[in-house]
Amino acid sequence: MADKLKFDLVSPERRLFAGAVDMVVVPGEEGDFGVLPGHAPVMSAIRPGAIAVHDGGKVERTFINGGFAEVAPEGLTILAEDAVPLASVDRAQLGKDIAAAKEDLADAKTDEGKAAAQAALSRLQALEASLG
Amino acid sequence: MASLKDLRNRIASVRSTQKITKAMQMVAAAKLRRAQEAAEAARPYAQKMAAVMANLSASMAGSPGAPRLLIGTGKDETRLIVVLTADRGLCGGFNTNIARKARERIAALKGQGKTVKILCVGKKGGDALKRVYARDIIGVVEIASAESNAALAAQTGERLRAMFAEGEFDACELISSEFVSVISQKPRAQTLVPAAEAIDEGAAKPDLKGAVYEYEPDEEEILRVLLPRYIDTVILAALLENAAGEMGAKMAAMDNATRNAGDLIGKLNLVYNRTRQAKITTELTEIISGAEAL
């Protein structure tokens with residue numbers, strides 16, 4: 001297939017990626033799906049997980065903490081809450097962060113504090129899970 | 001007539017003021033660049049979000065399941081005005097202009113017999129409005145109190161949604177400053193809730209070539225997730241634009257102040273030299289006439 005898929009990855013702070021790729025696998029709310037050029041229009045919510053960008057035989061995985069994907073005839077757009085390239089994640093550091101987040105959760109006294117700590121912890125755990 | 005010493009002191013004091021305003025101008029210039037970059041970096045997300053929302057709301061409008069945040073409560077009695085200003089002054093007419101716009105809107109709404117509630121984000125807005133509308137202000141949030149603009153936008157959005165769910169207001173407007181250019185900022189009012197009114201129908205929609213979007217999960221679910229995020233995005237974009245505008249205004253104000261101080265120093269120097277010369281001439285005349293008298 002000569003065609004390439006136009007792919008935009010944007011977060012509220014900045015544009016993370018814009019360019020043409022072969023395929024993107026998106027962790028949709030109701031299951032993963034791959035997007036190739038010429039995909040039918042879809043709008044889907046994304047669960048926290050890793051998107052895999054396939055290009056020229058290489059696969060680049062980026063963790064996304066929830067968001068939204070839109071497939072239009074022009075290409076794929078992902079609105080990500082926040083995104084971390086998995087290649088840049090340090091496993092040992094992540095383990096420490098998770099332990100710290102668990103402590104925070106145990107220490108939290110107010111409901112708000114608990115909710116915030118829980119959100120931070122589940123984000124880190126999802127990140128760890130997507131490392132696989 | 002001021003003595004020479006007084007004049008010297010005066011010149012020294014204006015000169016140190018000039019140094020301060022000059023430093024503030026340079027700090028503002030550096031911050032402006034960063035703020036502008038942040039505002040520009042956030043733009044693609046906001047644009048995509050607007051396009052997606054335009055799409056969704058068009059297909060949802062009129063359906064009974066549409067969320068109230070999108071279509072409104074059906075009445076329009078209580079309005080919440082969110083006034084975005086800066087925390088600090090010394091930035092020319094920036095805060096004043098936003099506060100004036102807010103006062104105009106509030107007066108117009110009150111004239112129509114509506115109840116108005118005011119939420120100030122940014123300390124200066126609260127300061128400017130509390131003299132006239134102290135009873136209507138439900139809260140003043142300091143920008144410096146939040147970790148980041150994104151966190152502040154999320155907090156504000158959360159508060160709005162909680163209030164809306166409690167039925168504390170029917171519609172919400174956001175008053176902030178539009179960043180036209182570095183030297184020009186225009187206050188602007190935009191609707192936040194009901195979101196259907198706020199969504200730009202003209203936003204570029206993708207050409208589906210006759211195909212229909214598939215929704216996963218269904219439209220209602222997606223809209224329920226996306227709508228709060230959309231509101232946060234609009235607030236964040238306004239916050240970032242405000243930050244850039246504040247720095248632009250501060251830079252211009254401090255540039256004016258620096259130049260003004262320069263003019264003042266020039267004038268004072270002239271007076272100082274003239275006074276000094278006059279004094280020397282008088283002394284000489286005294287000595288000469290004294291010598292002649294002998």
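Modeller: A crossing is called left-handed if the near helix is turned anticlockwise from the far one by less than a right angle, and right-handed if it is turned clockwise. Please keep in mind that this is a predicted model.

Colleague: In which hand does α5(B) pass α7(B), and are the two helices parallel or oblique?

Modeller: The axes of α5 (residues 149-165) and α7 (residues 219-293) of chain B come within 8 Å and cross at roughly 130°. Angles over 145 degrees count as roughly antiparallel and those from 65 to 115 as roughly perpendicular, so the class that remains for α5(B) and α7(B) is oblique. As for the hand in which α5(B) passes α7(B), the crossing is right-handed.

Colleague: How do the residues of the contact of α5(B) with α7(B) divide?

Modeller: The α5(B) side includes Leu152(B), Ala153(B) and Leu160(B), while the α7(B) side includes Ile231(B), Ile235(B) and Leu239(B). Charged residues take part as well, among them Arg161(B) of α5(B) and Asp232(B) of α7(B). The division is twelve nonpolar, three polar and two charged.

Colleague: At what angle do α3(B) and α4(B) pack, and what is the hand of their crossing?

Modeller: Helix α3 (residues 94-111) and helix α4 (residues 123-133) of chain B have their axes 9 Å apart and pack at an angle of about 40°. That angle makes α3(B) oblique to α4(B), and the crossing of α3(B) and α4(B) is right-handed.

Colleague: Which elements do the buried residues of α4(B) pack against?

Modeller: The buried residues of α4(B) include Gly125(B), Ala128(B) and Leu129(B), and these three also meet α3(B). The elements that the buried residues of α4(B) pack against are β1, α3, β2 and β3 of chain B.

Methods: Residues are numbered from 1 along each chain as its sequence is written. Chains are lettered from A and ligands numbered from 1 in the order in which they are written. This is a predicted model: local features need pLDDT of at least 70, side-chain atom pairs count only at pLDDT 80 or more; totals for chains, interfaces and linings use all residues. Axes are lines fitted to C-alpha atoms, for helices over the stretch in contact, and angles run from 0 to 180 degrees between N-to-C directions. Helices (H or I, at least four residues) and strands (E, at least two) are DSSP runs, numbered from the N terminus. Angles under 35 degrees count as roughly parallel, over 145 as roughly antiparallel, 65 to 115 as roughly perpendicular and the rest as oblique. Two residues are in contact if their C-beta atoms, placed from the backbone, lie within 7 Å. A residue is buried if 20 or more other C-beta atoms lie within 10 Å of its own, exposed if 12 or fewer, and partly exposed in between; C-beta atoms are placed from the backbone.
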